[in-house]
Amino acid sequence: EGVDGSQRPPFEGIGALSAGASSRLLQDYPETQRNEILDLLFKPQYGASLQVLKVEIGGDTQSTDGSEPSHMRYRGERPDCSRGYEAWLLQEAKARNPLIR
């Protein structure tokens with residue numbers, strides 16, 4: 001409940017957004033530094049301890065600073081959410097924090 005008596009949505013955690021191809025650069029870091037950055041972002045009780053990660057859904061086009069593959073390229077195609085760097089980032093986050101949303 002807010003200080004004014006109004007109902008407030010519950011606090012659901014600290015989150016981040018991966019968009020604009022900036023997270024693609026993480027894959028180019030040396031493994032030691034890349035793991036350190038990912039640990040600082042996602043590992044519980046360590047660094048930022050992010051609890052929510054929102055990612056961009058790609059569209060196979062250069063829409064910002066980089067292009068992210070689409071999960072579907074034609075009607076009827078079976079969705080493939082493993083394409084691109086956003087899927088990689090989601091896997092890395094989940095490996096460090098299985099409860100991340």
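pLDDT is the predictor's confidence in each residue, running from 0 to 100.

Figure 1. Welcome to a predicted model, in which local features need pLDDT of at least 70, side-chain atom pairs count only at pLDDT 80 or more, and totals for chains, interfaces and linings use all residues. Residues are numbered from 1 along each chain as its sequence is written, and side-chain values use heavy atoms, leaving out hydrogens and water. The protein chain has two helices and two strands, in the order β-α-β-α along the sequence; helices (H or I, at least four residues) and strands (E, at least two) are DSSP runs, numbered from the N terminus. Among these elements, helix 1 has the highest mean pLDDT (96) and strand 1 the lowest (85). The protein chain averages a pLDDT of 84, and 89% of the residues score at least 70. A friendly reminder: where pLDDT is low, the predicted coordinates should not be read in detail.

**Figure 2. Surface and contacts of the chain.** Of the 101 residues in the protein chain, 27% are buried. Buried means under 20% relative accessible area, exposed means over 50%, and partly exposed is in between (1.4 Å probe, protein chains only). Contact means heavy atoms within 4.5 Å. Among contacts between residues at least 6 apart in sequence, 55% join residues at least 24 apart.

**Figure 3. The buried residues of helix 2.** Helix 2 covers residues 84-96, and its buried residues are Tyr 85, Glu 86, Ala 87, Trp 88, Leu 89, Ala 93 and Arg 96. These buried residues pack against strand 1 (15-18), helix 1 and strand 2.

**Figure 4. A salt-bridge network around Arg 96.** A salt bridge is a side-chain nitrogen of Lys or Arg within 4 Å of a carboxyl oxygen of Asp or Glu, and this rule gives a count of three. Asp 39, Glu 92 and Arg 96 are linked in a network of such bridges. Arg 96 bridges to Asp 39, with the closest N and O atoms 2.7 Å apart. That pair links distant parts of the chain, with Arg 96 in helix 2 and Asp 39 in helix 1, 57 residues apart. Glu 92 and Arg 96 also meet through their side chains (2.7 Å, N to O); both lie in helix 2, four residues apart, about one turn of the helix. Arg 96 is buried, at 16% relative accessible area.

**Figure 5. The salt bridge of Asp 28 and Arg 24.** Here the side chains of Asp 28 and Arg 24 meet at 3.2 Å, N to O. Asp 28 counts as exposed because its relative accessibility is 52%, whereas Arg 24, at 30%, counts as partly exposed.

**Figure 6. Lys 43 and the ring of Tyr 46.** Lys 43 lies in the loop between helix 1 (31-42) and strand 2 (52-55) and is partly exposed, with a relative accessible area of 38%. The charged end of Lys 43 sits over the ring of Tyr 46, 5.1 Å from its centre; the rule asks for NZ of Lys or CZ of Arg within 6 Å of the ring centre and within 35 degrees of the ring normal. Leaving aside neighbours within four places in sequence, Lys 43 is in contact with Leu 38, Ser 49 and Arg 96.
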